[in-house]
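The following questions and answers examine one protein model, from single side chains to the whole chain.

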Amino acid sequence: APGARGRTTQNSAGVYTGKAPSAIIDLKAAVRYLRFNAGVLPGDTEKIVSNGTSAGGALSALLGASGNAPDYAPDLAELGAADARDDIFAVSAYCPITNLENADAAHEWQFNGVNEYRKIEMNMLDFNVARKEVSGTLTPAQMQVSNQLKPLFPAYVNSLKLRTPSGDPLTLDDAGNGSFREWVKRHVIASAQAALDAGQDMSAYRWVTVVGGQVQDLDFDSYVRYLGRMKLPPAFDALDLSSGENSLFGTASIHARHFTAYAASQSTATPSSRADEKLVKMMNAMRYIGAADARTAPNWRIRHGTADRDTSLAISTLLATSLQGQGRTVDFAMPWNIPHGGDYDLDQLFAWIR
(Lines give C-alpha, C1' and ligand atoms only; values in the text may rest on other atoms or scores of the structure.)
Protein backbone atom coordinates (compact mmCIF):
# COMPACT_ATOMS: atom_id res chain seq x y z
CA ALA A 1 0.00 0.00 0.00
CA PRO A 2 2.24 2.81 -1.26
CA GLY A 3 1.63 6.37 -0.17
CA ALA A 4 0.91 9.05 -2.75
CA ARG A 5 1.02 12.81 -2.44
CA GLY A 6 -2.43 14.38 -2.24
CA ARG A 7 -3.73 17.36 -4.21
CA THR A 8 -4.27 19.47 -1.07
CA THR A 9 -0.86 18.75 0.48
CA GLN A 10 1.28 21.84 1.18
CA ASN A 11 4.75 22.08 2.62
CA SER A 12 5.85 24.54 5.30
CA ALA A 13 6.35 27.24 2.67
CA GLY A 14 2.76 26.90 1.45
CA VAL A 15 3.79 25.22 -1.81
CA TYR A 16 1.40 22.58 -3.13
CA THR A 17 3.39 19.37 -3.50
CA GLY A 18 0.73 16.91 -4.66
CA LYS A 19 -0.90 18.37 -7.74
CA ALA A 20 -1.10 16.31 -10.94
CA PRO A 21 0.78 14.23 -11.90
CA SER A 22 2.27 13.61 -8.42
CA ALA A 23 -0.04 10.76 -7.38
CA ILE A 24 0.58 8.64 -10.47
CA ILE A 25 4.30 9.42 -10.35
CA ASP A 26 4.41 8.12 -6.78
CA LEU A 27 2.60 4.91 -7.74
CA LYS A 28 4.88 4.32 -10.71
CA ALA A 29 7.87 4.88 -8.43
CA ALA A 30 6.47 2.26 -6.06
CA VAL A 31 6.18 -0.27 -8.90
CA ARG A 32 9.74 0.52 -9.97
CA TYR A 33 10.92 0.04 -6.38
CA LEU A 34 9.35 -3.43 -6.25
CA ARG A 35 10.81 -4.46 -9.60
CA PHE A 36 14.25 -2.99 -8.82
CA ASN A 37 14.29 -5.16 -5.68
CA ALA A 38 13.08 -8.34 -7.38
CA GLY A 39 14.68 -11.31 -5.63
CA VAL A 40 15.08 -9.37 -2.40
CA LEU A 41 11.40 -8.80 -1.63
CA PRO A 42 8.98 -11.75 -1.51
CA GLY A 43 6.57 -12.21 -4.37
CA ASP A 44 6.70 -12.20 -8.16
CA THR A 45 7.33 -8.69 -9.47
CA GLU A 46 5.98 -9.77 -12.86
CA LYS A 47 2.57 -10.22 -11.24
CA ILE A 48 1.90 -6.83 -9.66
CA VAL A 49 -1.84 -6.11 -9.28
CA SER A 50 -3.29 -2.68 -8.48
CA ASN A 51 -6.62 -1.98 -6.80
CA GLY A 52 -8.44 1.28 -6.17
CA THR A 53 -11.86 2.91 -5.81
CA SER A 54 -13.21 6.18 -7.24
CA ALA A 55 -10.21 8.50 -7.63
CA GLY A 56 -8.16 5.46 -6.59
CA GLY A 57 -9.92 3.47 -9.30
CA ALA A 58 -8.83 6.11 -11.79
CA LEU A 59 -5.23 5.89 -10.55
CA SER A 60 -5.33 2.09 -10.62
CA ALA A 61 -6.55 2.20 -14.23
CA LEU A 62 -3.98 4.85 -15.18
CA LEU A 63 -1.17 2.84 -13.62
CA GLY A 64 -2.24 -0.19 -15.60
CA ALA A 65 -2.79 1.62 -18.89
CA SER A 66 0.37 3.73 -19.02
CA GLY A 67 3.15 1.26 -18.21
CA ASN A 68 6.59 2.62 -19.16
CA ALA A 69 5.11 5.58 -21.08
CA PRO A 70 7.83 8.20 -21.70
CA ASP A 71 5.50 11.08 -20.73
CA TYR A 72 6.27 10.36 -17.07
CA ALA A 73 10.04 9.94 -17.39
CA PRO A 74 11.08 13.52 -16.43
CA ASP A 75 8.97 13.50 -13.26
CA LEU A 76 10.20 10.04 -12.28
CA ALA A 77 13.80 11.13 -12.80
CA GLU A 78 13.24 14.26 -10.71
CA LEU A 79 11.75 12.14 -7.93
CA GLY A 80 14.71 9.77 -7.98
CA ALA A 81 12.68 6.69 -8.93
CA ALA A 82 14.52 3.41 -9.45
CA ASP A 83 15.72 2.54 -12.94
CA ALA A 84 13.17 -0.20 -13.65
CA ARG A 85 9.95 -0.82 -15.55
CA ASP A 86 6.61 0.41 -14.18
CA ASP A 87 4.15 -1.72 -16.17
CA ILE A 88 1.94 -4.05 -14.13
CA PHE A 89 0.18 -7.40 -14.57
CA ALA A 90 -3.43 -6.67 -13.64
CA VAL A 91 -5.82 -3.88 -12.64
CA SER A 92 -8.82 -3.85 -10.33
CA ALA A 93 -10.77 -0.59 -10.64
CA TYR A 94 -13.97 0.19 -8.80
CA CYS A 95 -16.05 3.09 -10.22
CA PRO A 96 -13.01 4.86 -11.67
CA ILE A 97 -13.41 8.65 -11.94
CA THR A 98 -11.32 8.81 -15.09
CA ASN A 99 -11.41 10.38 -18.57
CA LEU A 100 -11.96 13.75 -16.92
CA GLU A 101 -11.78 15.83 -20.09
CA ASN A 102 -14.86 13.96 -21.37
CA ALA A 103 -16.57 13.16 -18.07
CA ASP A 104 -18.72 16.33 -17.99
CA ALA A 105 -20.18 15.60 -21.42
CA ALA A 106 -20.70 11.92 -20.50
CA HIS A 107 -22.46 12.94 -17.28
CA GLU A 108 -24.90 15.20 -19.12
CA TRP A 109 -25.41 12.59 -21.84
CA GLN A 110 -26.79 10.38 -19.08
CA PHE A 111 -28.48 12.91 -16.75
CA ASN A 112 -29.62 15.69 -19.10
CA GLY A 113 -33.31 16.42 -18.42
CA VAL A 114 -33.08 15.27 -14.80
CA ASN A 115 -33.28 18.71 -13.23
CA GLU A 116 -33.93 17.85 -9.59
CA TYR A 117 -30.85 16.85 -7.62
CA ARG A 118 -29.80 15.36 -4.30
CA LYS A 119 -26.17 16.04 -3.49
CA ILE A 120 -23.99 15.51 -0.46
CA GLU A 121 -22.24 18.47 1.12
CA MET A 122 -19.31 17.70 3.39
CA ASN A 123 -17.88 19.95 6.09
CA MET A 124 -15.48 19.53 8.96
CA LEU A 125 -17.16 19.64 12.37
CA ASP A 126 -14.93 19.20 15.44
CA PHE A 127 -12.37 17.38 13.28
CA ASN A 128 -15.04 15.01 11.97
CA VAL A 129 -16.48 15.01 8.48
CA ALA A 130 -20.15 16.02 8.57
CA ARG A 131 -22.25 14.92 5.59
CA LYS A 132 -25.55 16.55 4.74
CA GLU A 133 -27.84 15.82 1.80
CA VAL A 134 -29.02 18.92 -0.03
CA SER A 135 -31.91 18.83 -2.51
CA GLY A 136 -32.77 21.36 -5.17
CA THR A 137 -33.53 22.08 -8.80
CA LEU A 138 -31.11 23.17 -11.50
CA THR A 139 -31.25 26.85 -12.34
CA PRO A 140 -31.98 27.89 -15.93
CA ALA A 141 -28.27 28.65 -16.36
CA GLN A 142 -27.32 25.17 -15.13
CA MET A 143 -29.87 23.58 -17.46
CA GLN A 144 -28.30 25.50 -20.31
CA VAL A 145 -24.85 24.16 -19.35
CA SER A 146 -26.27 20.62 -19.37
CA ASN A 147 -27.84 21.23 -22.77
CA GLN A 148 -24.53 22.51 -24.14
CA LEU A 149 -22.43 19.66 -22.73
CA LYS A 150 -24.59 16.72 -23.80
CA PRO A 151 -24.04 17.21 -27.58
CA LEU A 152 -20.27 17.08 -27.09
CA PHE A 153 -20.36 13.43 -26.09
CA PRO A 154 -21.47 11.69 -29.33
CA ALA A 155 -18.58 13.15 -31.32
CA TYR A 156 -16.12 11.85 -28.72
CA VAL A 157 -17.65 8.37 -28.65
CA ASN A 158 -17.68 8.18 -32.44
CA SER A 159 -14.04 9.29 -32.63
CA LEU A 160 -12.99 6.20 -30.65
CA LYS A 161 -14.31 3.85 -33.35
CA LEU A 162 -15.17 1.20 -30.76
CA ARG A 163 -16.77 -2.14 -31.52
CA THR A 164 -18.45 -4.84 -29.48
CA PRO A 165 -16.59 -8.16 -29.07
CA SER A 166 -18.71 -9.46 -31.97
CA GLY A 167 -17.54 -6.61 -34.20
CA ASP A 168 -20.57 -4.33 -34.22
CA PRO A 169 -19.69 -0.59 -34.27
CA LEU A 170 -20.60 1.48 -31.21
CA THR A 171 -21.81 4.96 -32.15
CA LEU A 172 -24.19 7.72 -31.12
CA ASP A 173 -26.25 10.08 -33.24
CA ASP A 174 -26.42 13.81 -32.57
CA ALA A 175 -29.25 13.28 -30.07
CA GLY A 176 -27.15 10.83 -28.04
CA ASN A 177 -28.98 7.69 -29.18
CA GLY A 178 -27.51 4.70 -30.95
CA SER A 179 -25.67 1.43 -30.49
CA PHE A 180 -23.38 2.73 -27.73
CA ARG A 181 -26.39 3.72 -25.63
CA GLU A 182 -27.82 0.24 -26.18
CA TRP A 183 -24.43 -1.23 -25.20
CA VAL A 184 -24.51 0.59 -21.86
CA LYS A 185 -28.14 -0.46 -21.39
CA ARG A 186 -27.19 -4.06 -22.14
CA HIS A 187 -24.80 -4.08 -19.18
CA VAL A 188 -27.51 -2.76 -16.86
CA ILE A 189 -29.88 -5.49 -18.12
CA ALA A 190 -27.19 -8.12 -17.45
CA SER A 191 -26.88 -6.75 -13.90
CA ALA A 192 -30.65 -6.95 -13.39
CA GLN A 193 -30.65 -10.53 -14.67
CA ALA A 194 -27.86 -11.50 -12.26
CA ALA A 195 -29.82 -9.98 -9.37
CA LEU A 196 -32.97 -11.81 -10.47
CA ASP A 197 -31.08 -15.11 -10.73
CA ALA A 198 -29.76 -14.54 -7.20
CA GLY A 199 -33.33 -14.38 -5.91
CA GLN A 200 -33.85 -10.64 -5.67
CA ASP A 201 -37.43 -9.38 -6.01
CA MET A 202 -37.43 -7.04 -9.01
CA SER A 203 -41.09 -6.03 -8.83
CA ALA A 204 -40.26 -2.64 -7.27
CA TYR A 205 -38.31 -1.62 -10.37
CA ARG A 206 -41.15 -0.66 -12.69
CA TRP A 207 -38.73 0.17 -15.48
CA VAL A 208 -37.47 -3.44 -15.67
CA THR A 209 -39.51 -5.85 -17.81
CA VAL A 210 -39.32 -9.46 -16.59
CA VAL A 211 -41.01 -12.30 -18.46
CA GLY A 212 -40.65 -15.92 -17.42
CA GLY A 213 -37.66 -15.30 -15.20
CA GLN A 214 -35.82 -13.36 -17.89
CA VAL A 215 -35.16 -9.61 -18.02
CA GLN A 216 -36.54 -8.76 -21.43
CA ASP A 217 -36.07 -5.00 -21.46
CA LEU A 218 -35.25 -1.91 -19.43
CA ASP A 219 -36.54 1.64 -19.86
CA PHE A 220 -33.21 3.45 -19.69
CA ASP A 221 -34.69 6.95 -19.30
CA SER A 222 -36.86 5.80 -16.38
CA TYR A 223 -33.87 4.06 -14.83
CA VAL A 224 -31.86 7.30 -14.95
CA ARG A 225 -34.76 9.24 -13.40
CA TYR A 226 -34.93 6.58 -10.67
CA LEU A 227 -31.22 7.10 -9.99
CA GLY A 228 -31.61 10.87 -9.85
CA ARG A 229 -29.00 13.54 -10.35
CA MET A 230 -26.34 14.14 -7.72
CA LYS A 231 -23.88 16.52 -9.40
CA LEU A 232 -24.54 19.94 -10.86
CA PRO A 233 -23.29 20.64 -14.38
CA PRO A 234 -20.43 20.68 -15.12
CA ALA A 235 -19.98 17.70 -12.79
CA PHE A 236 -16.17 17.78 -12.78
CA ASP A 237 -14.66 20.92 -14.31
CA ALA A 238 -16.68 23.36 -12.21
CA LEU A 239 -17.08 26.80 -13.72
CA ASP A 240 -16.12 28.39 -10.39
CA LEU A 241 -13.10 26.07 -9.93
CA SER A 242 -14.65 24.51 -6.82
CA SER A 243 -14.34 20.79 -7.63
CA GLY A 244 -11.74 18.34 -6.41
CA GLU A 245 -10.79 17.72 -10.02
CA ASN A 246 -10.08 21.43 -10.50
CA SER A 247 -7.84 21.20 -7.46
CA LEU A 248 -6.06 18.17 -8.91
CA PHE A 249 -4.87 20.24 -11.87
CA GLY A 250 -3.54 23.16 -9.82
CA THR A 251 0.12 24.10 -9.65
CA ALA A 252 2.67 24.61 -6.90
CA SER A 253 1.19 28.06 -6.28
CA ILE A 254 -2.32 27.87 -7.80
CA HIS A 255 -4.95 25.84 -5.95
CA ALA A 256 -7.17 24.96 -8.94
CA ARG A 257 -7.32 25.18 -12.72
CA HIS A 258 -9.72 24.23 -15.49
CA PHE A 259 -8.95 21.19 -17.63
CA THR A 260 -11.59 21.35 -20.40
CA ALA A 261 -12.08 23.84 -23.19
CA TYR A 262 -15.76 24.24 -22.33
CA ALA A 263 -15.28 25.19 -18.67
CA ALA A 264 -12.32 27.42 -19.45
CA SER A 265 -14.43 29.35 -21.96
CA GLN A 266 -17.36 29.67 -19.54
CA SER A 267 -15.37 30.20 -16.32
CA THR A 268 -16.90 32.32 -13.58
CA ALA A 269 -13.72 32.29 -11.49
CA THR A 270 -11.42 35.31 -11.40
CA PRO A 271 -8.62 34.76 -12.07
CA SER A 272 -8.73 31.41 -13.85
CA SER A 273 -6.38 29.37 -16.01
CA ARG A 274 -6.34 26.04 -17.82
CA ALA A 275 -4.03 23.08 -17.30
CA ASP A 276 -1.68 22.05 -20.09
CA GLU A 277 -3.07 19.42 -22.46
CA LYS A 278 -0.18 17.02 -21.80
CA LEU A 279 -0.80 17.16 -18.07
CA VAL A 280 -4.49 16.36 -18.56
CA LYS A 281 -3.49 13.45 -20.82
CA MET A 282 -1.12 12.11 -18.15
CA MET A 283 -4.06 11.65 -15.76
CA ASN A 284 -6.32 9.79 -18.21
CA ALA A 285 -6.02 6.01 -18.67
CA MET A 286 -7.98 6.20 -21.95
CA ARG A 287 -5.17 8.17 -23.59
CA TYR A 288 -2.66 5.30 -23.20
CA ILE A 289 -4.69 2.22 -24.14
CA GLY A 290 -3.27 0.97 -27.41
CA ALA A 291 -0.50 3.58 -27.50
CA ALA A 292 2.67 2.34 -29.16
CA ASP A 293 4.90 3.73 -26.41
CA ALA A 294 2.95 2.33 -23.44
CA ARG A 295 2.64 -1.22 -22.12
CA THR A 296 -0.94 -1.70 -20.94
CA ALA A 297 -1.68 -4.39 -18.36
CA PRO A 298 -3.12 -7.59 -19.90
CA ASN A 299 -5.73 -8.29 -17.20
CA TRP A 300 -8.54 -6.02 -15.94
CA ARG A 301 -11.45 -6.20 -13.52
CA ILE A 302 -13.76 -3.16 -13.62
CA ARG A 303 -16.86 -2.65 -11.47
CA HIS A 304 -19.39 0.22 -11.63
CA GLY A 305 -22.57 -0.20 -9.55
CA THR A 306 -25.91 0.50 -11.20
CA ALA A 307 -26.80 2.89 -8.34
CA ASP A 308 -23.59 4.90 -8.77
CA ARG A 309 -24.31 8.55 -9.62
CA ASP A 310 -20.80 9.96 -9.25
CA THR A 311 -19.86 9.56 -12.90
CA SER A 312 -21.68 8.34 -15.98
CA LEU A 313 -21.97 4.61 -16.64
CA ALA A 314 -20.49 5.49 -20.02
CA ILE A 315 -17.06 6.22 -18.52
CA SER A 316 -16.41 2.70 -17.22
CA THR A 317 -18.07 1.20 -20.29
CA LEU A 318 -15.73 3.13 -22.60
CA LEU A 319 -12.73 2.05 -20.53
CA ALA A 320 -13.70 -1.63 -20.59
CA THR A 321 -14.66 -1.64 -24.26
CA SER A 322 -11.46 0.14 -25.31
CA LEU A 323 -9.39 -2.42 -23.45
CA GLN A 324 -11.30 -5.32 -24.99
CA GLY A 325 -10.75 -3.81 -28.42
CA GLN A 326 -7.00 -3.82 -27.77
CA GLY A 327 -7.02 -7.51 -26.87
CA ARG A 328 -6.89 -7.22 -23.10
CA THR A 329 -8.75 -9.69 -20.88
CA VAL A 330 -11.52 -7.69 -19.20
CA ASP A 331 -13.98 -8.74 -16.48
CA PHE A 332 -16.49 -5.87 -16.51
CA ALA A 333 -19.77 -5.76 -14.62
CA MET A 334 -22.26 -3.32 -13.12
CA PRO A 335 -23.30 -4.84 -9.77
CA TRP A 336 -27.01 -4.35 -9.15
CA ASN A 337 -28.06 -1.42 -6.93
CA ILE A 338 -24.51 -0.82 -5.66
CA PRO A 339 -23.73 2.88 -5.05
CA HIS A 340 -20.38 4.63 -5.39
CA GLY A 341 -17.81 2.56 -3.55
CA GLY A 342 -15.55 -0.45 -3.79
CA ASP A 343 -14.10 -3.56 -2.18
CA TYR A 344 -17.63 -4.86 -1.53
CA ASP A 345 -16.92 -8.25 -3.13
CA LEU A 346 -13.49 -9.10 -1.79
CA ASP A 347 -13.93 -12.88 -2.03
CA GLN A 348 -14.66 -12.55 -5.75
CA LEU A 349 -11.85 -10.01 -6.20
CA PHE A 350 -9.25 -12.29 -4.62
CA ALA A 351 -10.58 -15.29 -6.55
CA TRP A 352 -10.07 -13.26 -9.74
CA ILE A 353 -6.54 -12.31 -8.66
CA ARG A 354 -5.68 -15.97 -7.99
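Q: Which side chain is joined to that of Asp87 by a polar contact of 2.9 Å?
A: This is a predicted model, in which local features need pLDDT of at least 70 and side-chain atom pairs count only at pLDDT 80 or more, while totals for chains, interfaces and linings use all residues. Residues are numbered from 1 along each chain as its sequence is written, and side-chain values use heavy atoms, with hydrogens and water left out. A polar contact is a pair of N or O atoms within 3.5 Å; within protein, one must be able to donate a hydrogen and the other to accept it, and residues adjacent in sequence count only if both atoms are side-chain atoms. At 2.9 Å, the partner of the Asp87 side chain is that of Asn68.

Q: What is the length of the polar contact between the side chains of Asp87 and Arg85?
A: Asp87 lies in the loop between helix H3 (73-79) and strand S2 (90-94); helices (H or I, at least four residues) and strands (E, at least two) are DSSP runs, numbered from the N terminus. The side chains of Asp87 and Arg85 are joined by a polar contact of 2.8 Å.

Q: Is Asp87 buried or exposed?
A: Buried means under 20% relative accessible area, exposed over 50%, and partly exposed in between (1.4 Å probe, protein chains only). Contact means heavy atoms within 4.5 Å, and, not counting residues up to four places away in sequence, Asp87 touches Val31, Arg35, Gly67, Asn68 and Arg295. Because its relative accessibility is 4%, Asp87 counts as buried.

Q: Which residues are in contact with Arg181, leaving aside its neighbours within four places in sequence?
A: Arg181 belongs to helix H7 (residues 179-197). With a relative accessible area of 15%, Arg181 is buried. Its contacts, with those neighbours left aside, are Trp109, Leu172, Gly176, Phe220 and Asp221.

Q: What share of contacts between residues at least 6 apart in sequence joins residues at least 24 apart?
A: The protein chain has 13 helices and eight strands, and buried residues make up 50% of its 354 residues. Among the contacts in question, the share joining residues at least 24 apart is 68%.
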